[in-house]
Amino acid sequence: MLTKNVVELLESDHILQEYKVNGWVRAFRSNRFIALNDGSCLNNLQCVVDFENTDEEILKSITTGASISVTGTLKESEGKGQRVELDVKSIEILGNADPEDVKKTILQPKKHSLEKLREQAHLRVRTNTFGAVMRVRSKLAFAVHQYFNENGFYYVNTPIITGSDAEGAGEMFKVTNLDLKNIPTTDAGDIDFSKDFFGKETNLTVSGQLEAETYALGLSKVYTFGPTFRAENSNTSRHLAEFWMIEPEMAFCDLEGNIDLAEDFIQYVLNYISKHCEADLEFLENRLLQEEKSKPEKDRSPMPLREKIDFVLKNNFKRVSYTEAIEILRNSKPNKKKKFNYIIEEWGADLQSEHERYLVEKHFGCPVVLYDYPADIKAFYMRLNDDGKTVRAMDVLFPGIGEIVGGSQREERYDVLLSKMKEIGVDEKELWWYLETRKLGTCKHSGFGLGFERLVLFATGMSNIRDVIPYPRTPQNAEF
Ligand code: 4AD
Ligand code: MG
């Protein structure tokens, strides 16, 4: 007997064939109809039970949340909303779910808030919303690898534990193997942190960029896709302490080529899910429409989810220099009543998220790429322009999300890089290996980092980044 999953049976044309299928009971109606879900797709398989010939004990155990194994014959369904159903021959109860226990959890079939679901992160994947989000997330991750593989990039794995601060922003979690029962101390009696990691000071990586650069200077086109960590105390719906970042890096490539790649890459992966996640995206869109209805009209999103994705696929990203953006912001009246909380007067100030949102959502109405930022507000490794005050940086800003990509052409000139590091106090002894690549066959090169969860946020229309990663790590939560 063939064992199949629910999606295979729902799409199967092999009527009257016998199959076995496993899953969790979503509902059991009239002692007869089981809605079976195994997470392979959004929809449930209707399994029709011949209750007169089924053991009483088994019927009692078919409760919401229980795991079961069903064998039966696939049939065309007469019921509404499904093409096929399974005519059940036998049922095995794999794991019971006591209704009294289920009642205390989000498995109870009723509407639960996203906050409530977050408290039960170990169970929320069994809901339609999280099943859909996590399937889209998985397909997006696959599309990421497929894109780079098709375009001549090699996948490299950069270290998670590292001695360097790639962003120079000091937002690192320390790694320690200190024996807390026997804490080593200095002669002065302080904790001796030099003993942290087998005698070295290390932290969790904030970005694989610096190591990826050295690999691009050997393999030409590489990308990383792994977890990164930020010890910033940001409690926003866009920030996580642990997030996944995709970081392509290309030798012989300048900033324009880098922006072209970012645009092409984002459009490719969104196109991939719009083709391969139709049912989930439709479900997520309807969910969003329901949510929007409960908001006052002025706060509603003007575009449904799939239209928003389509819009990004069909329109070029608007490329604007930082200097032009400042001019636009200075001349803008964001809102008749309410001005920006923080008005940009001075060239050189960092943009706040309200400015980014204004540019993307109000002024241009499409994704925006800002480039050539002031050197002082960007990282040490970005290539200095001939004007001596701006660097070849670029950020991609997305509607409803803000910054989704941050990247740059890298400073490939040894002397310029060294003097920048000295100027802002980046330890050249720590980054000796990075500097050395600028002496041994250096060349222009560029890359960017895309926050994977921000991409999943956009693609699913969810509004909180905590709801697009299985177990969110935030300043308040690392319980699971
Ligand atoms: O702009 P960031 O800090 O750039 C870098 O780390 C570069 N080294 C990348 C590179 O050039 N290879 O981060 C890149 C992206 C951001 O645009 C954002 O999408 C995401 O990573 N990101 C976060 N996502 C979730 N939570 C956070 N705390 C994030 N911080 C950055
Ligand atoms: Mg950034």
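Mentor: Two strands pair if DSSP finds at least two bridges between them. Helices (H or I, at least four residues) and strands (E, at least two) are DSSP runs, numbered from the N terminus. This is a predicted model, where local features need pLDDT of at least 70, side-chain atom pairs count only at pLDDT 80 or more, and totals for chains, interfaces and linings use all residues. Residues are numbered from 1 along each chain as its sequence is written, while chains are lettered from A and ligands numbered from 1 in the order in which they are written.

Trainee: How many bridges join E14 and strand E15?
Mentor: Strand E15 covers residues 390-398 and runs antiparallel to E14. One place to look is Tyr371, which faces Met394 in E15. The pairing of E14 with E15 counts 6 bridges.

Trainee: In which sense do E13 and E14 run, parallel or antiparallel?
Mentor: Lys318 lies opposite Val368 in E14. E13 and E14 are joined by 4 bridges, and their sense is parallel.

Trainee: Why is strand E14 largely enclosed by the rest of the structure?
Mentor: A residue is buried if 20 or more other C-beta atoms, placed from the backbone, lie within 10 Å of its own. Strand E14 spans residues 368-374, and it is largely enclosed because the number of its 7 residues that are buried is 6.

Trainee: Which strands are the edges of the open sheet of 8 strands?
Mentor: That sheet has mixed pairing and the order E7-E11-E12-E17-E16-E15-E14-E13. Inside it, E12 and E17 are antiparallel over 5 bridges, with Met250 opposite Ser446 in E17. The edges pair on one side only, and they are strand E7 (154-155) and strand E13 (318-321).

Trainee: What is the bridge partner of Ile161 in E10?
Mentor: Here we turn to an open sheet of 3 strands, ordered E8-E10-E9 with antiparallel pairing. Strand E8 (161-162) and strand E9 (174-175) each have a single partner strand, so one side of each is left without a neighbour in the sheet. E8 is joined by 2 bridges to strand E10, residues 202-204. The partner of Ile161 there is Leu204.

Trainee: How many residues surround ligand 1?
Mentor: A residue counts as near if its C-beta atom, placed from the backbone, lies within 6 Å of the molecule. Strand E12 (242-251), strand E16 (402-409), strand E17 (445-451) and helix H14 (452-460) each supply at least two residues of this shell. Ser207, Gln209, Gly406, Gly449 and Gly451 are the closest, and the number surrounding ligand 1 is 22.

Technical notes: Buried ≥ 20, exposed ≤ 12 C-beta atoms within 10 Å, placed from the backbone.
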